[in-house]
Amino acid sequence: MLSLLASLFALASCNATEPDATEQNGAEESEKATDGTDKPTEKPTEKPTEKPTERPTEKPTDDGKEPEKTSFKVLFIGNSFTYYNNMPTAYFAKMCKAAGLDVEIDTITNGGHRLDEFADPEDEYGAKVHRALANEQYDYVILQEQSGRPIAKPEGFFDGSRDLAALVAENGAELWFYQTWGYKEGYSKLPTHGGTTEEMELLLRAAYDAIAEELDANVAHVGIAMYDLHLNDSFEPDVYDSDLYHPSKYGSIAAAWTIFASIFEIDPDKVDLDCGIEEEHLEDIKEAAYFAAFYPDPVPDGYKISSEGVTNKK
């Protein structure tokens with residue numbers, strides 16, 4: 001049962017494998033010089049004292065739907081928060097298969113890479129993105145920004161998102177953002193990215209929701225699911241890797257279920273999949289992913305921002 005804001009179809013195995021070396025080449029997520037250690041966007045003077053919306057105490061029975069289409073092509077663009085534990089292929093792809101969906105997955109990832117670099121045709125990985133979007137037809141493109149950049153360098157995040165959104169629009173795919181999570185308490189860069197895990201997640205959610213609203217795109221709120229599990233005293237595993245910011249296997253499973261449920265509007269409980277973890281832990285992860293996908297907590301008023309006009313470009 002979730003402790004945050006709630007007291008509230010083929011059997012398969014999805015044991016994680018190591019990421020493809022050709023896709024993980026590069027520095028670790030937050031160790032890249034471009035991470036940005038500037039003071040984050042200004043915090044609200046007062047934190048909200050009430051939760052913005054009320055989640056249902058029980059899961060509605062009519063949530064979710066049967067997809068009209070069952071064959072899809074998906075492109076993930078991101079860095080280590082995407083490729084850790086080989087999330088797109090070790091988990092997301094198998095969830096799709098277990099749900100009866102025929103999904104082809106491409107990934108373009110590199111450690112610490114930013115969205116504006118992925119949008120740059122002169123960049124090694126940006127060139128891959130341009131070729132893929134010019135030569136392949138995708139149904140969904142999922143963008144994940146370097147973990148701290150939406151807070152430390154929001155104008156760079158927004159510019160990179162806009163440039164990639166233009167390419168995705170030309171391709172005809174539906175654009176999704178993969179909102180990441182706050183660093184775990186004790187991580188050295190947390191003080192310059194909100195100060196607490198909760199605060200960082202709220203600032204990230206505000207930035208991702210802002211650019212998604214501007215671009216008429218969608219957000220898979222993985223950060224919400226991760227924080228729910230982080231606060232859940234009955235959930236024994238750690239969703240964080242030992243480095244305090246990357247996802248553990250459990251974190252990557254939570255990310256995959258949240259993205260899956262958000263895009264396809266399928267309740268994870270309706271998908272019979274063995275992820276190689278204890279049943280009770282899998283149930284908690286599915287529940288957190290369900291609420292993050294179907295009932296994401298809106299950004300509190302004190303944290304809301306607009307991306308309109310926020311840019312590095314003249």
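**View 1. Aspartate 116 and arginine 149 form a salt bridge, with 3.2 Å between their closest N and O atoms.** A salt bridge here is a side-chain nitrogen of Lys or Arg within 4 Å of a carboxyl oxygen of Asp or Glu. Aspartate 116 sits in helix 4 (residues 115-118) and arginine 149 in helix 6 (residues 149-152), so this pair ties together parts that are 33 residues apart in sequence. Helices (H or I, at least four residues) and strands (E, at least two) are DSSP runs, numbered from the N terminus. Aspartate 116 is partly exposed, at 23% relative accessible area, while arginine 149 is buried, at 7%. Buried means under 20% relative accessible area, exposed means over 50%, and partly exposed is in between (1.4 Å probe, protein chains only). Both residues belong to a network of salt bridges that links Arg114, Asp116, Glu117, Glu145 and Arg149.

A quick note before the other views: this is a predicted model, where local features need pLDDT of at least 70, side-chain atom pairs count only at pLDDT 80 or more, and totals for chains, interfaces and linings use all residues. Residues are numbered from 1 along each chain as its sequence is written, and side-chain values use heavy atoms, with hydrogens and water left out.

**View 2. Lysine 73 pairs up with glutamate 104 in a salt bridge.** Their closest N and O atoms are 3.5 Å apart. Lysine 73 is in strand 1 (residues 71-78) and glutamate 104 in strand 2 (residues 102-109), so you're looking at a link between distant parts of the chain, 31 residues apart. Lysine 73 counts as buried, at 12% relative accessibility, but glutamate 104 is partly exposed, at 43%.

**View 3. Arginine 162 meets glutamate 214 in a salt bridge, at 2.7 Å from N to O.** This pair also links distant parts of the chain: arginine 162 is in helix 7 and glutamate 214 in helix 8 (residues 197-215), 52 residues apart. Arginine 162 counts as buried, with 19% relative accessibility, and glutamate 214 is partly exposed, with 24%.

View 4. Look for the backbone oxygen of leucine 133, which lies 2.8 Å from a polar atom of the asparagine 171 side chain.

**View 5. Serine 306 is in the segment after helix 11.** This serine is partly exposed, with a relative accessible area of 47%. A polar atom of the serine 306 side chain lies 3.2 Å from the backbone nitrogen of glutamate 308. The C-alpha atoms of serine 306 and alanine 206 are 8.6 Å apart, although 100 residues separate the two along the chain.

**View 6. A patch of negative charge gathers on the surface.** Its members are Glu236, Asp272, Asp274, Glu278, Glu279, Glu280 and Glu283. Patch residues have over 30% relative accessible area and no salt bridge, and like charges are joined within 9 Å. Asp and Glu count as negative, with each charge placed at CG of Asp or CD of Glu. One of the members, glutamate 283, lies in helix 11 (residues 279-294) and is partly exposed, at 44% relative accessible area.

Technical notes:
Patches are made of residues with over 30% relative accessible area and no salt bridge: like charges are joined within 9 Å, nonpolar side chains (Val, Leu, Ile, Met, Phe, Trp, Tyr) within 5 Å. Accessible areas come from the Shrake-Rupley method with a 1.4 Å probe; for residues, only the protein chains shown count as cover. A polar contact is a pair of N or O atoms within 3.5 Å; within protein, one must be able to donate a hydrogen and the other to accept it, and residues adjacent in sequence count only if both atoms are side-chain atoms.
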